[in-house]
Amino acid sequence: MTDGPTDSESSVDAAGDRSEGGLDPRVREHTAGEEQEGIPFIGAGPGDPGLLTLRGKELVDEADLVVHAGSLVSSALLEEHCADAELVNSVGKDLEELVPLMRDAHEEGRTVVRLHSGDPAVYGAALEQIDALEREGVPAYVVPGVTSSFAAAATLRTQLTLNGVANHVAFTRPRGKTLDAEDDHIGEFVEMGDVTTCIYLGTHAVSDAMDRLLDREGVDPETPVAVVYHASWDDEDVITGTVADIGGKVEAAGYRASAMVLIGEAATGAGYERSYLYGDWANGESANGGSADATSDGPSDAADAGGADAGDAAAPTNTEADD
Ligand SMILES: C[S@@+](CC[C@H](N)C(=O)[O-])C[C@H]1O[C@@H](n2cnc3c(N)ncnc32)[C@H](O)[C@@H]1O
């Protein structure tokens, strides 16, 4: 044990200041997920190997050393894509152990990949590893993946944003060792009413979180909640209920980890209004007379709904869009 910070800790702390120096020059040299020099931090997706991106698959297939996020990366994926690689489970290892391990393998000429569950950008603690590696002279970059709340929405056959139901999405986690009580904002998000609240890292604390919601006057105890355990895995399970009763149901099922908790009306997929995007035909009425904001918000909304740039406001509306 040392009294002061270790070299690696100091490196990470120093790297945390980098925003003051502006963007890394590589930001404009590469597109997202493009193969780059160094160690890729790959989003493995929620579990099903079919939900790994093509770029992620190419990189994992070639790897000699795969450092993975333990039980959250499915064994099916590791068996399918990493049969010939050395596998290292990162759970329980600190940066002082992981960074030299990846650095040394990279410097020996081995192909190293870091596999995070879902997408590394969401509760992945990827950046501190990337910064620590770069301080050691080893470049690293990110290949995105499908985050578990997206997989849970797919399982539930719903959307996280849903016209007339949920206009916003919050990715959040409950209070605990990492998050102080005053920084737990689940109650505020749910109280807003038109937010789908996606709770990561909260399977063990569903009852606690719901008890706190029940204490808030602004939260309807009948607000729908869906808990998706191991979304996309063979043993995937779905528990549905309300703020009032989901805690007991999850406890009865015995799940303590690896579930996504979605709170809000969108979890049911019910009650939405058809979007302006598919106006005339789907609604059987004039697009301007439809339920969405075609007339009130002007061309910029129309452009959003049609997935076009602002300058394309006159383009046909029935193009790919998220709404
Ligand atoms: C450390 S966070 C990592 C999140 C990950 N980076 C992502 O984008 O999904 C782990 C939490 O993600 C959620 N999670 C990860 N994989 C999941 C899955 N297949 N099904 C449901 N929830 C999952 C659980 O809430 C778990 O506690």
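This is a predicted model: local features need pLDDT of at least 70, side-chain atom pairs count only at pLDDT 80 or more; totals for chains, interfaces and linings use all residues.

Reader: How many helices and strands does the protein have?

Author: Helices (H or I, at least four residues) and strands (E, at least two) are DSSP runs, numbered from the N terminus. Here they come to eleven helices and ten strands.

Reader: And what share of the protein is buried?

Author: A residue is buried if 20 or more other C-beta atoms lie within 10 Å of its own, exposed if 12 or fewer, and partly exposed in between, with C-beta atoms placed from the backbone. Of the 323 residues in the protein, 38% are buried.

Reader: Which residues come nearest to the ligand?

Author: A residue is near a molecule or strand if its C-beta atom, placed from the backbone, lies within 6 Å of it. There are 26 residues around the ligand, and Pro 46, Gly 118, Thr 147, Ser 148 and Ala 231 come nearest. The most come from α6, with three residues.

Reader: What kinds of residue make up the shell around the ligand?

Author: Ala, Val, Leu, Ile, Met, Phe, Trp, Tyr, Cys and Pro count as nonpolar, Asp, Glu, Lys and Arg as charged, and the others, Gly among them, as polar. On that basis the shell has 14 nonpolar, eleven polar and one charged.

Reader: Where does the ligand lie relative to the domains?

Author: Domain bounds come from an automatic or database domain assignment. The ligand lies between domain 1 (7-146) and domain 2 (149-268), because both give residues to the shell around it.

Reader: Back to α6, then. Is it largely enclosed or open?

Author: Seven of the eight residues of α6 are buried, so the helix is largely enclosed by the rest of the structure. The buried ones are Ser 148, Ser 149, Phe 150, Ala 151, Ala 152, Ala 153 and Thr 155. Their cover includes the strands β6 (168-172), β7 (195-199), β8 (224-229), β9 (237-242) and β10.

Reader: What should I look for in phi angles?

Author: Most residues other than glycine have a negative phi. Arg 157, which follows α6, has a positive phi, near 55°. Ala 125 isn't a glycine either, yet its phi is positive, about 50°. You'll find Ala 125 in the loop between β4 and α5 (126-135). His 230 is another non-glycine with a positive phi of about 50°, and this residue sits in the loop between β8 and β9.

Reader: Are Ala 125 and His 230 buried or exposed?

Author: Ala 125 counts as exposed because it has 12 C-beta neighbours inside 10 Å. His 230 has 23 other C-beta atoms within 10 Å, so this residue is buried.

Reader: What does Pro 120 touch?

Author: Leaving out residues up to four places away in sequence, Pro 120 touches Phe 41, Gly 43, Ala 126 and Val 142. Pro 120 is in the loop between β4 and α5, and is buried, with 26 other C-beta atoms within 10 Å. Pro 144 is 24 residues from Pro 120 along the chain, but their C-alpha atoms are separated by 6.7 Å.

Reader: Last one: how do α8 and α9 cross?

Author: Axes are lines fitted to C-alpha atoms, for helices over the stretch in contact, and angles run from 0 to 180 degrees between N-to-C directions. The axes of α8 (residues 206-214) and α9 (residues 246-253) come within 8 Å and cross at roughly 170°. That makes α8 roughly antiparallel to α9, a label for angles over 145 degrees. In this contact, Val 206, Ser 207 and Met 210 of α8 meet Ile 246, Gly 247, Val 250 and Glu 251 of α9. Those residues divide into four nonpolar, two polar and one charged.

Note on methods:
Residues are numbered from 1 along each chain as its sequence is written. Angles under 35 degrees count as roughly parallel, over 145 as roughly antiparallel, 65 to 115 as roughly perpendicular and the rest as oblique. Two residues are in contact if their C-beta atoms, placed from the backbone, lie within 7 Å.
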